[in-house]
Amino acid sequence: MRVALYVTCLVDQVWPSVGEAAVRVLRSAGCEVDFDPRATCCGQPAYNTGYHDQARPQARQWIESFEHSGAEWAVLPSGSCAAMVHHYPRLFERGDPWRGRAEAFAERAKELCGFLVDVLGVDDLGARCPARVTWHDACHGLRELGLRDEPRRLLGKVADLELIEMEGADQCCGFGGTFSVKYPELSTAIVDRKCESVAATDADYVVSGDVSCLMQIEGRLRRIGSTTRAVHVAEVLAGMVPARQQETSA
Amino acid sequence: MSRAARETILGAIRKRLREARLGEGLPEDRDAVGPAPRHRLLDADAEQLLTAFRARIEPLGVLVHEVGGLDEALELVRARLRDAGARTVACSDAAALSDLLSRELEAGFQAVDPGDSEALFGADAGVCCAQAGIAETGSLVLDADRERHRLVSLIPPLHIALLHRDRVVPDLATALRDALTEGRAPTALTLITGPSRTADIELKLVVGVHGPKALEIVVHGD
Amino acid sequence: MSGSQLPVERFDANARDALGDPVLRGALRRATDLFGERRRAAIDDVGADDFEALRDHARAIKDATLAHLDVHLERFVAQAEARGAKVHWARTGDEACELLAGLCAGAGAKTVVKSKSMTTEEIELGAALEAHGLRSIETDLGEWIIQQAGEVPSHIIVPAIHKTKAQIAALFADKLGTDPEADEKALTAAARDVLRREFAAAEVGISGVNFAVAETGSILILENEGNARFTTSLPKVHIAVMGIEKVVPRFEDLAVFLKLLPRSGTGQHLTSYQSILTGPKQDPSADGPEELHIVVLDNGRSRFLDQAVTRASLACIRCGACLNACPVYQQVGGHAYGSVYPGPIGAVITPQLVGVGKASQLPYASSLCGACREVCPVRIDIPALLLHLRQEVTEGHEPSGSPFGAQRRPAKRGERLGFRLWSFGVRGRLRYEWGSALARFGQRLVVRGGYVGKVGALLSRLAPPLGAWTGTRDLRGLAPRSFRARWRQELRHQELRRQGLTPSGGER
Ligand code: SF4
């Protein structure tokens, strides 16, 4: 099956190992992966801040990219960017031909975990990760795309991985895009609660499906001196996450 | 002023709805909405209804007594009043309760007129009949057009209500439907589910803030 | 006596102050956690599937009613009048206050008892009545505490959620002379005594309305304490104030909303009391008021009707569930919103009521996590409303027909410019790649070991959005090599090799 991978701009620039992991995971699930460098950012920062005129060109950029790709599915290692694609039709008026194209794209756009489990019917990717991990439900993946069981099923099949549910796994991390810098104290107060829950699990890693949440959680964990590290679920599924003992001894 | 306001408000509503209709369109009217989901208790028998009723109301600290006929019920009410140390008792004008206090009076208790609000503030207990019970929520239904119990059930600190066992209906919708007479609602229909309570101070439950501190229900009928 | 709201324009500053108050935050956390747990328990108890079906049904009723609101409202009024109620209409809060003051004067009132009502808070009725020389007494315990303290409510269900028992005990000791160490039982008993005297003396009772029924002309008021029953049955005159959106078509529809509201708000299967009132008493020997007045208030609500997204905000049944579920509300409480309507629903209603320009911060007072939508019993898509209002903020629109045109604040120049630049940078591949290369070069000033840590944070303060992040959080810097670079150099070729092709020079 041919899939077009949209790694999202944050993965591309800040956390490229997630994109690499997504490529590996998709290939091991039997997909032929394509990546179009013309697609940059999905437009979410502008859309969520109320700048629809600046978000619209990005929607067109991605729609065109997918139309040219000839792929069956668009796969994104990010719940919020996948949710953004699902919002694309709202950027175009009724009767605008772009609206229909946006709807067609939205139907074919899947978040990585949802794609693996719900479309491919795969949950065991043969990965190994000898560590204690806890899962953070990124809000958009959970509440806009309904992904609750999919990532847990995937993690459940990872060899030697111990999954410890934190309290309030489905509570927001306080990132919220520009919210995190418009109201930094508030955003920090919210992530502090998340960090508390993470700490209570004594996990080596906090795992999530969205790099934006991970940057927020990681940023705060590091600042308060926690040793728990943040990793993306794709990295776990690709077997790219080392056991913590190895890392600390290295 | 109010007339003009009425026209302005209704005019504004109509104008906005017209715009909406031209734009994205509007849903059909209420009649197009199907029936409410059916409550599972609609298939229960009288005994199951009473069990469900008790299961909902007892955890709220309400005492439910089951007795046989009306005489037995009145006897129990008197005993409960005595146990509670009630000296002044207000009783609604329900026919079923007409004998309740005559004997209490002999025992030296004072009766309070159910309509005398000033005296009600000094009453120790209020007794009335409930027109129905609701199994789904454990509620009592009081219809003020059938009986004078609006204040009797509110002001004294102890409220005792008689409920006939055949009058427990499955759910809220049934109770509301039953309360209408040819489409007319009673002047005051009061649903009572437990004692008066508040959690306004640190969310700690306190009963008896304005209304009764205690509610007891005497279920009767053979 | 009644307090005033914090400035709605300054959510940021209000929120910062709230975050600095550990007592408040402790109280909020306990309260919102508890309500969340109770809500879940109540829903589990009735079965999640049944509850979901009820939610759909309730929303369908609301949508269908709002789509023909004029018809249902007129029917309600006709039925209420047929039963002897006097109905009055008020376009604005001021008009409503004048009307109510006039009605109280007509009843010869000196003392007015009020039961909790968000609508009367919205129009600041208490202050208006006091200005007319009336004593206006809040009778819900929480509201009464707030009134004694000269504050405003911070939650739509539990007005004094932000106050601790110790604070309340001190307040009562000061006002009533009670023991400063009194517990909640003693405090409640003290309030009961005082308020019973007020109930007995009051000539007029003023309540809100939770639902109004078109079929029968009835109004329904929900409560736990019994103060609304006193307010609506003891004084000679009862005045009920309702927004135009409160109407439901049928008497039986009440059942649907009664099953949803308390379970969502406080996790109760039903509140202690529902008073369903139709007209004043007809029989002189019956209990209840001799006169019933119903004030129907617009105050900007009709403006919400023309678009589906804003119309949805009129479906709200004021249960408070979205407040309890909101991570922002959980941290800062209600006062920070500077409005009687706090939390997620406040963040969408307030700007529509007072002007998007004036309340321009509120639509941004959310991380868009969607917890509010998840718990809302009538499934209001609050995040969609927030996004809609954010667009109105950036584009400088006020809702059509609103009186706020002149209040419009100038567009946020810096942010707008920032997004234009950003847009330029991401619209084309080459600009994007060069832009990120430039950023990669620039970040060397502040990134150490892959992150902007505490040291880099100092310098980051020069670039405000960056500094806002790094003040409290480390920031992962741009990776030395982007994904696209890795794709070009290795990953893509692996794919081609897999397919048995050799890499060609050209790239797509
Ligand atoms: S928006 Fe929904 S959850 Fe919030 S108060 Fe209104 S009905 Fe309740």
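Figure 1. The side of chain C that touches chain B is made up, by class, of 47 nonpolar, 29 polar and 29 charged residues. Between these two chains there are 10 salt bridges. A salt bridge joins the side chains of R177(B) and E252(C), with an N to O distance of 2.9 Å.

**Figure 2. Extent of the interface between chain C and chain B.** The contact brings together 105 residues of chain C and 82 residues of chain B. About 7,800 Å² is buried between chain C and chain B, and 58% of this area lies on carbon and sulfur atoms. Within chain C, the residues that lose the most area to chain B are W89(C), R192(C) and D287(C), which together account for 10% of what that side buries.

**Figure 3. Strand pairing across the boundary of chains B and C.** Strand β9 of chain B, residues 188-192, pairs with strand β9 of chain C, residues 273-277. The pairing is antiparallel and runs over 5 bridges. Opposite L191(B) stands Q274(C), a residue of β9(C).

**Figure 4. Extent of the interface between chain A and chain C.** Here 72 residues from chain A meet 76 residues from chain C. Chain A and chain C bury about 6,600 Å² between them, with carbon and sulfur atoms giving 54% of the area. Q13(A), Y51(A) and R223(A) contribute 12% of the area that chain A buries against chain C, more than any other three residues.

**Figure 5. Polar and charged features between chain A and chain C.** The chains share 11 salt bridges, and 41 residue pairs, both at pLDDT 80 or more, are in polar contact. Helix α11 of chain A, residues 184-201, gives the most to the side of chain A that touches chain C, supplying 9 residues. By class, that side of chain A holds 30 nonpolar, 22 polar and 20 charged residues. One of the salt bridges links the side chains of E144(A) and R373(C), at 3.7 Å from N to O.

**Figure 6. The salt bridge of R476(C) with E218(A).** The side chains of R476(C) and E218(A) form a salt bridge with an N to O distance of 2.7 Å. This pair crosses between chains: R476(C) belongs to strand β12 of chain C, residues 475-476, and E218(A) to helix α12 of chain A, residues 211-223. Over all chains, the whole structure contains 63 salt bridges.

Figure 7. The model has an ipTM of 0.97 and a pTM of 0.95. For chain C the average pLDDT is 93, and 96% of the residues score at least 70. Chain A has an average pLDDT of 95, with 98% of the residues scoring at least 70. In chain A, the pLDDT stays under 50 over residues 246-250, a stretch with 0 contacts beyond four places in sequence. Where pLDDT is low, predicted coordinates should not be read in detail.

Terms used: Residues numbered from 1 in each chain as written. Chains lettered and ligands numbered in written order. Heavy atoms only, no water. pLDDT = per-residue confidence, 0-100. Contact = heavy atoms within 4.5 Å. Buried area = accessible area lost by both parts, 1.4 Å probe. Salt bridge = Lys/Arg side-chain N within 4 Å of Asp/Glu carboxyl O. Nonpolar A, V, L, I, M, F, W, Y, C, P; charged D, E, K, R; others polar. Pairing = 2+ DSSP bridges. Helix = DSSP H or I, 4+ residues; strand = E, 2+ residues; numbered from the N terminus. Polar contact = N/O pair within 3.5 Å; in protein donor to acceptor, adjacent residues only side chain to side chain.
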